[in-house]
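Let's take a walk through a protein model together. Have a look at the sequence and the structure first, and then we'll go through some spots one by one.

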Amino acid sequence: MSIVVQKYGGSSVADVAKLKQVADRVVRTRRSGHDVVVVVSAMGDTTDELLGLAKQVSPNPDRRELDMLLTAGERVSMALLSMAIRELGGDAVSFTGSQSGIITNDRHADARIIEVRPVRVQDELARGKIVVIAGYQGVSYKRDVTTLGRGGSDTTAVAMAAALGAEYCEICSDVDGVYTADPRVVPAAHRIGTLSYEETQELAESGARVLNAQAVEFAKEKGIAIYARATASPLPGADPAADGTVVRRHPPRMPGTVVGVASEKDVLLFEIETSARESSGERLALHVLEVLDEHHVAGKQLRVSGDRLTLVVSRENLHEEPRMRAALAARFGDAVRIVDTLGALSVVGAGINASFENVRRGSAALAAHGIAIDGLATSSFRITWMIERARLDEGVRLLHRTFIEGQQTPVP
Ligand code: ADP
Ligand code: ASP
Ligand code: MG
């Protein structure tokens with residue numbers, strides 16, 4: 001029997017009624033003739049609530065203890081879902097990340113999976129069981145419980161699909177696939193039928209929450225097809241791209257087409273004046289990066305130009321910001337400036353920087369609407385403008401109109 005891995009996000013299991021609907025969908029999948037492994041997220045906003053509790057107790061919560069706390073959210077869902085499946089006559093068993101064999105490095109709060117040993121999962125599947133796994137967590141080779149970074153249940157699902165040789169990995173959410181922009185921000189956004197791994201990864205890294213970037217990286221490495229679908233949708237039919245998004249290798253597309261617009265609000269911009277100290281500027285920059293590493297700050301973009309180093313970081317998995325700010329101020333004083341008013345606005349597509357046309361068009365559209373550009377970075381798949389955070393949603397709508405609504409043929 002072929003194995004199918006399904007992941008249900010927090011909004012899909014937000015309350016008991018929704019959890020029962022998920023249980024029903026899982027049982028239907030099993031009855032349609034598949035072995036089923038289900039990965040669940042914490043219910044609704046549980047992870048944010050647990051984080052809020054931690055911050056009330058400690059403004060710089062210890063990352064190991066934070067992982068112990070946050071993994072509890074997914075354990076609640078896995079046990080409840082397993083019970084709900086049993087109630088419908090299915091035979092389910094739940095496992096934590098550790099029990100399912102997800103081995104990570106020892107980096108707390110944004111651990112990377114280094115190996116999956118799904119022996120217990122395989123044994124239970126062989127016994128005919130539906131296996132329910134707590135997403136977003138693993139165990140380090142030092143035997144400590146770890147979490148995989150925000151949105152990490154997607155990563156659990158894809159890693160498990162790869163380790164089990166699953167036919168596909170379904171990521172079920174409140175939205176029926178990947179859109180040309182966040183449909184909550186851009187009403188005119190439309191669903192994209194098929195995306196390549198690279199396009200999806202860039203969209204995810206640019207802030208499109210619908211799929212986690214690390215999960216896509218895993219899928220790409222192992223060649224796993226991802227079906228992004230709505231939890232309320234039917235089971236995938238002969239053409240899963242008809243009512244969801246399929247992420248797979250190289251779908252044909254005209255090079256240079258912008259496939260999507262994404263934004264990330266919660267970023268910090270670091271500006272480091274490397275000429276500000278007597279010591280060599282290069283050394284100063286390295287010392288700043290060392291302090292950032294000590295505080296587990298993951299960088300997104302780094303740029304050196306003349307006497308200035310600029311660094312953009314995501315706040316998503318940064319849990320000790322007050323301590324980091326104090327350490328930087330104590331060691332480097334005014335040489336390090338932290339800007340907390342900007343956001344990143346990106347357009348994504350293969351080959352979009354083959355000429356400067358797209359950079360010019362986007363920059364001109366922003367300027368025409370009085371949106372100041374505080375930084376610009378490009379890669380072969382992406383153009384990112386740093387703009388005022390308060391105008392980010394407006395910027396997304398504007399670039400969607402410029403690049404996507406104006407296109408002669410819509411993104412298929
Ligand atoms: P889950 O809890 O199921 O993991 P998330 O909240 O992590 O769900 O992701 C789904 C949300 O991602 C959607 O509700 C949508 O607002 C947002 N989103 C952002 N960008 C996109 C996009 N390009 N396509 C679809 N959804 C997007
Ligand atoms: N519950 C975790 C989060 O909110 C993981 C996930 O939902 O994927 O980030
Ligand atoms: Mg998610």
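This is a predicted model: local features need pLDDT of at least 70, side-chain atom pairs count only at pLDDT 80 or more; totals for chains, interfaces and linings use all residues.

Glu294 sits in helix H8 (helices here are DSSP runs of H or I with at least four residues, strands are DSSP runs of E with at least two, and both are numbered from the N terminus). With a relative accessible area of 46%, Glu294 is partly exposed; buried means under 20%, exposed means over 50%, and partly exposed is in between, using a 1.4 Å probe and protein chains only.

Residues are numbered from 1 along each chain as its sequence is written, chains are lettered from A and ligands numbered from 1 in the order in which they are written, and side-chain values use heavy atoms, leaving out hydrogens and water.

Most residues other than glycine have a negative phi. His296 isn't a glycine, yet its phi is positive, at about 60°. You'll find His296 in the loop between helix H8 (281-294) and strand E15 (299-305), and its relative accessible area of 27% makes it partly exposed.

Ala109 also has a positive phi, about 75°, without being a glycine. Ala109 belongs to the loop between strand E4 (102-104) and strand E5 (113-116), and it is buried, at 4% relative accessible area.

## Salt bridges

A salt bridge here is a side-chain nitrogen of Lys or Arg within 4 Å of a carboxyl oxygen of Asp or Glu. By this rule, the count is 35. Take Arg25 and Glu170, whose closest N and O atoms are 2.7 Å apart. This pair links distant parts of the chain, with Arg25 in helix H1 (residues 16-31) and Glu170 in strand E9 (residues 168-173), 145 residues apart. Both Arg25 and Glu170 are buried.

Asp144 and Arg64 make another salt bridge, at 2.9 Å from N to O. Asp144 is in the loop between strand E7 (137-140) and strand E8 (145-147) while Arg64 is in helix H3, so the pair ties together parts that are 80 residues apart in sequence. There's also a network of salt bridges that links Asp266, Arg315, Glu321, Arg325, Asp340 and Arg389.

## Around ligand 1

What surrounds ligand 1? There are 17 residues, and the closest are Lys7, Ser173, Tyr179, Asp182 and Arg184 (a residue counts as near if one of its heavy atoms lies within 4 Å). A polar side-chain atom of Lys7 is 3.0 Å from an oxygen atom of ligand 1, and one of Asp182 is 2.8 Å from a ligand 1 oxygen. The protein covers 88% of the 570 Å² of accessible area that ligand 1 has on its own (areas come from the Shrake-Rupley method with a 1.4 Å probe; for residues, only the protein chains shown count as cover).

## Around ligand 2

The residues around ligand 2 are Ser41, Thr47, Glu74, Tyr136, Arg150, Gly151, Gly152 and Ser153. A polar side-chain atom of Ser41 lies 3.1 Å from a ligand 2 oxygen, while a backbone N or O atom of Ser153 is 3.0 Å from an oxygen atom of ligand 2. The protein covers 85% of the 270 Å² of accessible area that ligand 2 has on its own.

Conventions: A polar contact is a pair of N or O atoms within 3.5 Å; within protein, one must be able to donate a hydrogen and the other to accept it, and residues adjacent in sequence count only if both atoms are side-chain atoms.
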